[in-house]
Amino acid sequence: MRKMYQELGISDAVIDFGQNVEKELKERFEALDEVAEYNQMKVIAAMQKHRVSAECFQATTGYGYNDLGRDTLEEVYATCFHGEAALVRPQITCGTHALALALMSNVRPGDEILSPVGKPYDTLEEVIGIRPSKGSLAEYGVTYAQVDLSEDGSFDFDGIRNAINERTKLVTIQRSKGYASRPTLSIARIEELIAFIKGIKPDVICMVDNCYGEFVEKREPLEVGADMMVGSLIKNLGGGLAPIGGYIVGTKECVENAAYRLTSPGLGKEVGASLGVISSFYQGLFMAPTVVNSALKTAIFAANIYERLGFCVVPNGTESRHDIIQAITFGTPEGLIAFCEGIQAAAPVDSYVTPEPWDMPGYDSKVIMAAGAFVQGSSIELSADGPLREPYTAFFQGGLTWYHGKLGILKSLQKLCDRNLVNTI
Ligand SMILES: *Cc1c(COP(=O)(O)O)cnc(C)c1O
């Protein structure tokens, strides 16, 4: 084993350091395994209930009428996540598209959307019209209200009560902190928040942006009162195998609205050929519980490695996890760059390229990104990025297998060691 790691450029000192950290995570990892096992059973039970068969994997073309694979998969999703219906489609191009679809199809001019958990994910600002954009909800006369979390991360219940009015139609709750500094919401906290909101206005639609949160816990948002949960298939639920896609699971009414918007009024879910990708959607969902487990182990391993070396890590080495994102603050551009180079160098794809900081649209500083992925932009695969500005924080996520994730973190540490960017390990 040592020889294999040495062949991949990991020194004895780094191997030993990693081994010592990993030893202490045994109980933590066992708890993660238990969640993965539970979720794996959930997926298998749903697939069995809906009699998934080889016929489901056939590609359809054209209109895609009577697409057995597509329709059965949507039933599997609905059962697995406790919804009445689901929309799981390659025609949904990404997470932002899925969220835009869910929002735009379930509000009408004059309605108001409320975010009770602060600013939503960057790309949603243009969907809602917080930042002006062509075709935003603001252009259609849908207004937006926001209540920030309190300084300590708790819900501002008074603020939320005051913000809910007769026009409030939909409440959007982002589960993962994404790249913001607030804490990620546990399912228990989402449950508390939804109960409070429905107590004030029972018929308001509660939508959860579920990106990066799927299968991290045993329960999902629809089990705690949400009307819709929405996400991307090149994150957790695609299991690294789906090459494209997004999903919406929820009440029949909400999903039907989304289907009429995705295709056309009158057509809804009846059209939309699955082409050749549907078997990867099934297989990806099947793999997703263990893939998420690997990503979580990688994140926790990294947190403990870098915390021990004196870097600030969020979440820290011991706190409970509610999404797969890990932030590590290096304090210097050299540290951030070395980390990303290490992640890249450990990849199965494009390991020989060196990531360079570059100017990205929408950012006021250069950004460095590491991704050696089978699916372009897939962030369930081990990937990292960070803006080249104070405090030089790397955000990373993913890892299709724990062993690859572990190599990525060891390789990043090796790069930092080689450049004397860490105290002796
Ligand atoms: C990734 C993400 C999105 C957007 O998904 P894309 O596939 O990148 O468009 C939205 N919300 C959250 C919390 C995310 O993590």
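1. Start with helix 10 (residues 278–308) and helix 12: their axes are 8 Å apart and they pack at an angle of about 25°. For the numbering, helices are DSSP runs of H or I with at least four residues, strands are E runs of at least two, and both are counted from the N terminus. Axes here are lines fitted to C-alpha atoms, for helices over the stretch in contact, with angles from 0 to 180 degrees between N-to-C directions. Helix 10 and helix 12 are therefore roughly parallel to each other (angles under 35 degrees count as roughly parallel, over 145 as roughly antiparallel, 65 to 115 as roughly perpendicular, the rest as oblique).

2. A word on what you're looking at. This is a predicted model, in which local features need pLDDT of at least 70 and side-chain atom pairs count only at pLDDT 80 or more, while totals for chains, interfaces and linings use all residues. Residues are numbered from 1 along each chain as its sequence is written, and side-chain values use heavy atoms, with hydrogens and water left out.

3. Back to helix 12, with another partner. Helix 11 (residues 333–345) packs against helix 12 at an angle of about 140°, the axes being 7 Å apart. That makes helix 11 oblique to helix 12, and this crossing is right-handed.

4. Helix 2 (residues 12–23) also packs with helix 12 (residues 402–418), at about 130° and with 10 Å between the axes. The pair is therefore oblique, and the crossing of helix 2 and helix 12 is right-handed.

5. Now the ligand. Residues around it, meaning those with a heavy atom within 4 Å, include Cys-94, Leu-99, Tyr-121, Gln-174, Asp-209 and Ser-232. Helix 5 (residues 95–106) gives the most to this shell, with 3 residues. By class, the shell has 5 nonpolar, 4 polar and 2 charged residues; Ala, Val, Leu, Ile, Met, Phe, Trp, Tyr, Cys and Pro count as nonpolar, Asp, Glu, Lys and Arg as charged, and the others, Gly among them, as polar.

6. Which atoms sit 2.5 Å from an oxygen atom of the ligand? A polar side-chain atom of Thr-96 does, for one. A backbone N or O atom of Gly-95 is 2.8 Å from a ligand oxygen, and a polar side-chain atom of Lys-235 is 2.9 Å from one. Taken alone the ligand exposes 380 Å², and the protein buries 90% of that (Shrake-Rupley areas, 1.4 Å probe).

7. Two prolines are worth a look. The Val-314 to Pro-315 peptide bond is cis, with omega near -5°, and Pro-315 is in the loop between strand 8 (312–314) and strand 9 (326–329). Glu-390 and Pro-391 are also joined by a cis peptide bond, with omega about 0°; Pro-391 lies between strand 12 (383–387) and strand 13 (393–397), in the loop.

8. Last, check Arg-51. This residue has a positive phi of about 55° although it is not a glycine, and its place is in the loop between helix 3 (26–49) and helix 4 (68–80).

Definitions and conventions. A polar contact is a pair of N or O atoms within 3.5 Å; within protein, one must be able to donate a hydrogen and the other to accept it, and residues adjacent in sequence count only if both atoms are side-chain atoms. A crossing is left-handed if the near helix is turned anticlockwise from the far one by less than a right angle, and right-handed if clockwise.
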